Amino acid sequence: MRKLTYYVGTTLDGFIAGPDGQFDFFPFEGDLAAALLAEYPETIPAHGRGPLGLDGVANKRFDTVLMGRVTYEPGLAAGVTSPYPHLKQYVFSRTLAQLDPAVEVVPTDPVAFVRDLKKQDGEGIWLCGGANLAGQLLEEIDELIIKRYPVVIGSGIPLFDAPFRPAGFKLTDSRVFNTGAAITTYAKETSIPILLRATTEADLDRVTAVTVDEPVGWIPADRYLEELKEGMYRPEWTWIAEQDGRVVARALWWGRANSEQPTPTTRRWPRRSPGPATGPPRPG
C-alpha cells in the first residue's frame, strides 16, 4: 500500500501561507535548504531545478503530487501549467478546466480517488496542499513532514481547514537546523482505542450510513428506520464502535414493540408476523 505524506512548510503559528496565499516569507537557505535539496529533490518545481543543480536528479521519495486549486493557481498566474513534470500530477477542482495533458484535473471526491491511488503500484504520494484538500484527506494521511520556520505571521491559511475532529499522530523524527527551522515527522497513530457504546437519537444518521461488504446478517437503512419508529429497534438497543470519532462497526438488537428487552432467538432476521422475534445482534 502506498503512503500519503503531507509534506509542507508552516510558520510557528501554524500557517502554510499568508491571507492572500503569499509564501515568500519562508526562507530557503543554509543547512535546511541543503537537506531539502538532498532528501526531497522532487518537491522542487521545474523552474527551480536547473538553477539549484537538480536537472537529471532522480526522485527520492515521491512519484506523485496532489494539489488543490489554490495551490496550483500561483503557477498558472506565472504561465506554468505543469509545475512538477517529473511527477504524476493531480489537481482537485470541480471548476478548473484541463489546461495541460501532464496535469490531470480531478473533479470527483478526493477521498475515494486517493484510496484507489494508494492501492496502485508506485512510490510515495506527496500531498502538496492546500489546507482545504488536506482537511478533506485527513483520514487518509499516513505521514506528516512539517517544515517549521522561525516566522510568525499572525493570520493566514492554516495547516488544515477541516471540522473539529481530533486525529492522533506519533513523532518519528525531529531535526533542528542552524537556520532556526525544524523538520518534524509524524506517523498516523494506529493504536487509537475503540469505544463501544449505545447510541442516542443524535447518532441516527451515522448508524444508517454504515455499510459492509462481508456476508453477514444485514438490514437496510429504510427498514431499520421503519422498525425504529415502531419500537422494534431502539437507540439503547443499537450499539456502535467508534475509533477516532468515526463509526467503524454497529450491532443491532431487535424486539417486540412492547418489550422491555430485545428477545434472543436463533433467527437471523426479524419476523413481522406473531411468533418468536430475533435477538442476536445484527453486525453492520
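A polar contact is taken here as a pair of N or O atoms within 3.5 Å; within protein, one atom must be able to donate a hydrogen and the other to accept it, and residues adjacent in sequence count only if both atoms are side-chain atoms. The model is a predicted one, in which local features need pLDDT of at least 70 and side-chain atom pairs count only at pLDDT 80 or more, while totals for chains, interfaces and linings use all residues. Residues are numbered from 1 along each chain as its sequence is written, and side-chain values use heavy atoms, with hydrogens and water left out.

The protein chain has seven helices and 14 strands (DSSP runs numbered from the N terminus, with at least four residues of H or I for a helix and at least two of E for a strand). Of its 284 residues, 40% are buried (under 20% relative accessible area, with exposed over 50% and partly exposed in between; 1.4 Å probe, protein chains only). Among contacts (heavy atoms within 4.5 Å) with a separation of 6 or more, 63% are between residues 24 or more positions apart.

A polar contact of 3.5 Å does link the side chains of Arg49 and His86. Leaving aside residues up to four places away in sequence, Arg49 touches several others, including Pro41, Leu54 and Val57.

Lys118, in helix H4, is likewise buried, at 7% relative accessibility. Its side chain makes a polar contact of 3.0 Å with the side chain of Asp142.

Turning to the rings, ten aromatic pairs are found in the whole structure (rings of Phe, Tyr and Trp, the last by its six-membered ring, with centres within 6.5 Å; planes under 30 degrees apart are stacked, over 60 edge-to-face and the rest tilted). Phe92 and Phe113 form an edge-to-face pair, 5.6 Å centre to centre and with 85° between the planes. Because Phe92 lies in strand E4 (residues 88-92) and Phe113 in helix H4 (residues 110-119), the pair ties together parts that are 21 residues apart in sequence. Phe92 is buried at 9% relative accessible area, and Phe113 is buried at 19%. Tyr7, Tyr40, Phe62, Tyr84 and Trp126 form one aromatic cluster.
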